[in-house]
Amino acid sequence: MGISQYIKEIGRGARGAKPLTREQATDLFGQVLDGTVTDLEIGGFCLAMRIKGETPEEMAGFLDATHARLHHIPAGDRALVVLPSYNGARKLPVLTPLLAMLLAREGLPVLVHGSATETARVLASNVLAALDVPPMTTIGPIANGTVGFAATELLNPALKRLLDVRRVVGLRNPGHSVVKLMQPTVGPSVVVASYTHPEYARVMAETFELMGTTALLSRGLEGEVVSDPRRTAQIDGFVRGARTELQAQASGTATEVPGLPKEIDVATTVDYTRRVLNGELPVPEAIAAQVGHIKQLASHA
């Protein structure tokens with residue numbers, strides 16, 4: 001049937017565009033993922049949504065379509081902690097692998113998923129591979145106390161192709177929001193999500209409420225979900241969609257974090273991560289607090 005009728009609604013500019021219902025958004029995104037629409041329609045959809053912005057109802061519909069098409073991680077006996085990682089390091093080391101391994105040390109199963117959406121950045125997958133966590137080649141269970149890394153295309157190849165549209169048009173699209181909010185398991189999970197711009201925080205929070213998601217939401221580190229070790233950010237928790245504030249934001253930025261390197265290359269990041277895990281350097285307080293909040297949420301998932 002195509003998606004032109006939806007593009008007419010969302011493509012009338014920032015003021016004239018009409019939001020889609022959750023059901024319409026599900027149908028639209030499902031057609032995009034199924035590959036039944038043209039490249040021109042996909043481009044029109046991506047640009048129109050970039051101008052209009054996603055509503056929580058639209059995001060819920062996009063997620064409904066995505067969840068119906070994912071290759072899901074099998075459920076275990078503990079909630080799976082889901083760490084999306086799509087930005088990598090720009091000015092500070094990418095510490096998502098450290099967060100993942102600290103959570104695994106608490107006995108939780110941890111899934112990191114992602115792909116390169118930014119050029120010339122050090123990715124969590126690079127650091128994980130150097131820490132003996134290679135990318136998964138097939139979908140399978142993740143044992144308690146271990147970390148698994150799944151490339152986006154392993155979870156859904158069409159979702160990866162949608163992310164790659166950014167390389168052509170130069171702008172993010174709803175796929176970049178979907179991958180940061182999706183639940184890639186059939187069992188209980190804790191989705192760890194972050195935002196870089198405050199306006200996204202409201203949409204993400206309301207989407208979790210609509211979806212009944214168990215999640216942690218805070219401002220992240222350069223687009224990564226790990227807490228910035230220099231700051232105390234506001235952290236909100238969601239248990240099956242019910243929201244509560246877990247941590248209030250504190251003003252100020254630390255000028256120095258003990259042991260945190262200034263270099264962001266893989267070797268330096270791996271060395272720092274290992275030294276923290278071995279107890280040679282302290283776990284940054286902000287990340288230790290984040291681990292505690294995620295562990296608490298996992299016990300209620």
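1. Buried means under 20% relative accessible area, exposed means over 50%, and partly exposed lies in between (1.4 Å probe, protein chains only). By that rule R202 is partly exposed, because its relative accessibility is 48%. The model is predicted: local features need pLDDT of at least 70, side-chain atom pairs count only at pLDDT 80 or more, and totals for chains, interfaces and linings use all residues. Residues are numbered from 1 along each chain as its sequence is written, and side-chain values use heavy atoms, with hydrogens and water left out.

2. Seven strands form an open sheet in the order 3-2-1-4-5-6-7, and the pairing is mixed. Its edges are strand 3 (147-151) and strand 7 (242-247), each pairing on one side only. From one strand to the next the twist averages 20°. Strands (E, at least two residues) and helices (H or I, at least four) are DSSP runs, numbered from the N terminus. Two strands pair if DSSP finds at least two bridges between them.

3. Two parallel pairings. Strand 4 (residues 189-195) and strand 5 (residues 215-219) run parallel and are joined by five bridges. Here V192 stands opposite L216 of strand 5. Strand 2 and strand 3 also pair in the parallel sense, over five bridges. There H113 faces A150 of strand 3.

4. Strand 3 is an edge strand, yet five of its five residues are buried. V147, F149 and A151 point one way, while G148 and A150 point the other way.

5. Helix 6 (residues 96-105) lies across strand 1 (80-84), strand 2 (110-114) and strand 3. Contact here means heavy atoms within 4.5 Å. The helix runs at about 175° to strand 1. Axes are lines fitted to C-alpha atoms, for helices over the stretch in contact, and angles run from 0 to 180 degrees between N-to-C directions.

6. Salt bridges. The criterion is a side-chain nitrogen of Lys or Arg within 4 Å of a carboxyl oxygen of Asp or Glu. The count comes to eleven salt bridges. Side chains of opposite charge can pair when their charged atoms come close. K160, D164 and R167 are linked in a network of salt bridges.

7. How exposed are the paired residues? E58 and K52 form a salt bridge, with the closest N and O atoms 2.8 Å apart. E58 is buried at 0% relative accessibility, and K52 is buried at 19%. D228 and R231 form another salt bridge, at 2.5 Å between the closest N and O atoms. D228 is buried at 8%, but R231 is partly exposed at 37%.

8. A pair within one helix. E206 and R202 meet in a salt bridge at 3.4 Å, N to O. They are four residues apart in helix 12 (residues 198-211), so about one helical turn separates them. E206 is partly exposed, with a relative accessible area of 30%.

9. Surface. L47, V168, V169 and L171 make a nonpolar patch of about 320 Å². Patches take residues with over 30% relative accessible area and no salt bridge; like charges are joined within 9 Å, nonpolar side chains (Val, Leu, Ile, Met, Phe, Trp, Tyr) within 5 Å. Areas come from the Shrake-Rupley method with a 1.4 Å probe; for residues, only the protein chains shown count as cover. V168 is in helix 10 (residues 166-169). V168 counts as exposed, because its relative accessibility is 73%.
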